[in-house]
Amino acid sequence: MGHFLSVYFFFAMKSFILCLLVALVAARPITVKWAKCSNFGRLNNIDVNWTPNPSTGMNVTITGTGNLPAPAMSSGAWSLLVKQNGVPIAKKDHDFCSPDQVNLPLGLGSLYLPGVQCPVAAGPIVVNMYVSVASAAPSGVTTAELSAKDQANNRIFCIDVTMTS
């Protein structure tokens with residue numbers, strides 16, 4: 001019986017170490033860069049940050065901040081276009097003031113935009129997006145263009161995000 005437990009323990013530890021190594025290899029760091037689109041919009045002092053530093057197999061919070069000049073925004077819409085290595089994989093338009101989720105094809109991940117509280121007064125604004133990156137996400141360059149327009153169809157902002165893994 002003692003020999004059986006020793007062999008069992010040896011194989012159990014070996015399996016655990018193998019699983020740990022697979023998990024470490026599977027989690028690849030992702031480099032994220034962002035820039036304003038050429039036709040940016042009327043939002044001032046924009047900044048975009050993400051936490052934690054992204055890698056495959058994890059959830060990331062992306063926070064955009066800025067200052068909305070007058071007039072206030074009573075309603076609006078956002079548009080999202082995601083490409084993997086230059087090939088469009090997701091496109092979605094939705095109400096800026098209500099939550100929505102975008103599921104990427106093949107279970108590669110998802111994006112959740114909780115919406116903002118409308119109407120949006122002139123002044124500071126915070127827009128969050130929650131991104132889940134699957135462990136099986138392919139290597140390469142993923143780009144996302146996120147833009148928003150107000151009730152009069154005037155562009156509020158447009159940002160390009162590039163993620164490389």
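**Disulfides and cavities**

Tutor: A disulfide joins Cys37 to Cys158, with an S to S distance of 2.0 Å. The model is predicted: local features need pLDDT of at least 70, side-chain atom pairs count only at pLDDT 80 or more, and totals for chains, interfaces and linings use all residues. Residues are numbered from 1 along each chain as its sequence is written, and side-chain values use heavy atoms, with hydrogens and water left out.

A disulfide here is a pair of cysteine sulfur atoms within 2.5 Å. The torsion about the S-S bond of Cys37 and Cys158 is about -60°, so this disulfide is left-handed. Cys37 sits in the loop between strand S1 (31-36) and strand S2 (44-51), and Cys158 in strand S10 (residues 155-164), so the pair ties together parts that are 121 residues apart in sequence. Strands (E, at least two residues) are DSSP runs, numbered from the N terminus. Both Cys37 and Cys158 are buried. Buried means under 20% relative accessible area, exposed over 50%, and partly exposed in between (1.4 Å probe, protein chains only).

A search of the whole structure finds two disulfides. The other pair is Cys97 and Cys118, S to S 1.8 Å. Cys97 lies in the loop between strand S5 (87-95) and strand S6 (100-103). Cys118 lies in the loop between strand S7 (109-113) and strand S8 (123-133), and the two cysteines are 21 residues apart. The torsion about the S-S bond of Cys97 and Cys118 is about -75°, so that disulfide is left-handed. Cys97 has 21% relative accessibility, so it counts as partly exposed. Counting bonded cysteines along the chain, the pattern is 1-4, 2-3.

Now the cavities. The structure holds four of 30 Å³ or more. A cavity is a set of points, on a 1 Å grid over the protein atoms alone, where a 1.4 Å probe fits but cannot get out; lining residues have an atom within 4 Å of a point.

Of its 13 lining residues, the closest to the centre are Gly64, Val127, Leu146, Phe157 and Ile159. S2, strand S3 (58-68), S8 and S10 each give two or more residues to this lining. The largest share, four residues, comes from S3.

Key
On a 1 Å grid over the protein atoms alone, a cavity is a set of points where a 1.4 Å probe fits but cannot get out, and a pocket is an open set with protein on both sides within 12 Å along at least five of seven lines; lining residues have an atom within 4 Å of a point. Grid points are joined across faces, edges and corners, and a volume is the space filled by probe spheres set on the points.
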